[in-house]
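Visitor: I am new to this structure. Please show me how to read it.

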Amino acid sequence: MASDTPESLMALCTDFCLRNLDGTLGCLLDKETLRLHPDIFLPSEICDRLVNEYVELVNAACNFEPHESFFSLFSDPRSTRLTRIHLREDLVQDQDLEAIRKQDLVELYLTNCEKLSAKSLQTLRSFSHTLVSLSLFGCANIFYEEENPGGCEDECLVNPTCQVLVKDFTFEGFSRLRFLNLGRMIDGVPVESLLRPLNSLAALDLSGIQTSDAAFLTQWKDSLVSLVLYNMDLSDDHIRVIVQLHKLRHLDISRDRLSSYYKFKLTRKVLSLFVQKLGNLMSLDISGHMILENCSISKMDEEAGQTSIEPSKSSIMPFRALKRPLQFLGLFETSLCRLTHIPAYKVSGDKNEEQVLNAIEAYTEHRPEITSRAINLLFDIARIERCNQLLRALKLVITALKCHKYDKNIQVTGSAALFYLTNSEYRSEQSVRLRRQVIQVVLNGMESYQEVTVQRNCCLTLCNFSIPEELEFQYRRVNELLLSILNPTRQDESIQRIAVHLCNALVCQVDNDHKEAVGKMGFVVTMLKLIQKKLLDKICDQVMEFSWSALWNITDETPDNCEMFLNFNGMKLFLDCLKEFPEKQELHRNMLGLLGNVAEVKELRPQLMTSQFISVFSNLLESKADGIEVSYNACGVLSHIMFDGPEAWGICEPQREEVEERMWAAIQSWDINSRRNINYRSFEPILRLLPQGISPVSQHWATWALYNLVSVYPDKYCPLLIKEGGMPLLRDMIKMATARQETKEMARKVIEHCSNFKEENMDTSR
């Protein structure tokens, strides 16, 4: 079962402060620049958390607005202390790093911060005396500066500045730097001269950087414990250098097999060299490599019995010489991952769920191209088999979607996987907090991508949740997104169908304030436009029926939405649909249910008082469509109109008495035990028809409705009738001289039903 542990007080306070900066931590100077309140002093634990959580909110929460001068809160190290911060994406600009240059940073991770230029290289020098860990992964422009191109006047008119590669920057003075990530640096940066001043590097990541001569790495042969050369085109010379780095504990020479052609092939000899020369190796990643020679032993020679991680039983021959099992072995998209005995505690690969989850975990942050393919494998597992590590899988997919909000492949595969990972089979294992995280990333995907597949996957995933209950914390946002999807210019029928279904569910069981708010967003108008489009195409499908159903729900006890329906030609569409689709029973029921809501609003009833409308409603009294529902709803509309009295009957044809007779005949034809396709949240509109003598037939319709509902669904409707004061109203009606005898008899039966229900359910325990 899922465990719903609450958020920590620290997390709640951090979130609140970040969403209310001006009222909590800071104040605005000159209406723009944030400054920390002078009486606030924050330790590094809180400052680091504020910055890192801020980055998370900007990247993952679309309803969070970043503040341009946020980093100026941390400009003074006397009142704030930053030590370890992780910044990512376009959020970070040169002026942000400049704002915190006086801080003694120990750890600075900059990931895919493409807006940083060479100005930030100079700012980095401010941290040189304290920095231990630095990542510039994907900061492609940080080695570029703008320079006026001399002697090219024509070009200057078009492009007054041009990008010039900075070649004179080095890490001179970064004496404490031990961990450095330069992954995905642009071509042309002189890596060797850049790194030469660093004497004691322990970890180096040169992912995606191509260098034909790796001999410079040997300057750290006595200190380097981690080396990542992902997607570097290797050669035998590279291997000769790598095996000299005898302190290595982690080596990653993996590659993306789809990105480009690599000449280098891994051989048994190379793997044997790694084992022999790198005696401290605990983690090795060779994912994506083609194995030139057969490194595995034959199936016949494999030891029988349970899967073993002991090196001596290894199915990969060179690894039999290992002194101990590896902590991690990356074999994703290699043939080796499918072998039986692999000498590692954790293996990334595509053989089974465990290997796939390990791959997603290992590659999410820096390798979206690999991660998307691993998530696609997880999608197949969740779709075809049962996912055994559900919570881990869900958390990993959520992390990937948050981390790569603008990566189309991740969004497509991730949203597809979420659909299967959140279905009813797994529901009991998921906490409220986890399911909310799923909803957040799904909405992020819908917001960031208008692409059909992502939108469809996201809408389908939302269908796995209890609506509206589980979506209420994002109620406005999800409605806005669905309404944008339902723009009639979009032609994808499947998305429209799902989105209309979701819209209908979202307004079905919510309070009137929610309905009014959604109406003002354009809900009523959007549904009417969808109906109009279907009518023009002469198509009555689920989109058409769901749209009318959604209008029925959103107008329930919501006069503003009822008025909006009338103002935007809703009645014309009703008549046109009735004429075009005379046999569509479900459609007729939904339309009449909606008009029942309109008729409940006294101020709007005069708009229904036309010969055409009254004739249509009268004729529908005799309809047998959908059981009694169409006839019942038509009678309800007329009951409210009759309730306004003879003086409000402003038409000559049909006559009021004639319609009244047809209403009596219709009500008498209905089976009192009819099971209903209707859901009342309140009896108030029905109860207001009881204490009056101006329209006995309206009184009779209301009494019949109550009798039917408390008879067929006593558990639901007896308590509702008692709660809303229906019993005294019925007793008073029985005493009225204007009420018909048959109406009084029916009222007595309603009272009897509710009294018996009350006695049967009375708590007699002591």
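**Reading the helix pairs**

Guide: Start with one crossing: α13 passes α14 in a left-handed crossing. Left-handed means that the near helix is turned anticlockwise from the far one by less than a right angle; clockwise would be right-handed. Keep in mind that this is a predicted model, where local features need pLDDT of at least 70, side-chain atom pairs count only at pLDDT 80 or more, and totals for chains, interfaces and linings use all residues. Residues are numbered from 1 along each chain as its sequence is written, and side-chain values use heavy atoms, with hydrogens and water left out.

Visitor: At what angle do the axes of α13 and α14 cross?

Guide: Axes are lines fitted to C-alpha atoms, for helices over the stretch in contact, and angles run from 0 to 180 degrees between N-to-C directions. Helices are DSSP runs (H or I, at least four residues), as are strands (E, at least two), numbered from the N terminus. Here the axes of α13 (residues 432-448) and α14 (residues 452-462) cross at roughly 155° and come within 9 Å. That makes α13 roughly antiparallel to α14. The cut-offs are under 35 degrees for roughly parallel, over 145 for roughly antiparallel, 65 to 115 for roughly perpendicular, and oblique for the rest.

Visitor: Which residues of α13 and α14 meet?

Guide: Contact means heavy atoms within 4.5 Å. Val438, Val442, Leu443, Gly445 and Met446 of α13 meet Val454, Gln455, Cys458, Cys459, Thr461 and Leu462 of α14. The residues of this contact are eight nonpolar, three polar and no charged. Nonpolar covers Ala, Val, Leu, Ile, Met, Phe, Trp, Tyr, Cys and Pro; charged covers Asp, Glu, Lys and Arg; the others, Gly among them, are polar.

Visitor: Which residues of α13 are buried?

Guide: Buried means under 20% relative accessible area, exposed over 50%, partly exposed in between (1.4 Å probe, protein chains only). In α13 the buried residues are Leu434, Arg435, Val438, Ile439, Val441, Val442, Leu443, Asn444, Gly445 and Met446. Their cover includes α2 (44-60), α11 (390-403), α12 (408-421), α14 and α15 (475-485).

Visitor: How do α11 and α12 cross?

Guide: Their axes come within 10 Å and cross at roughly 150°. α11 and α12 are therefore roughly antiparallel to each other. α11 passes α12 in a left-handed crossing.

Visitor: Is Phe137 buried or exposed?

Guide: At 2% relative accessibility, Phe137 counts as buried. Phe137 lies in the loop between β5 (133-135) and β6 (144-147).
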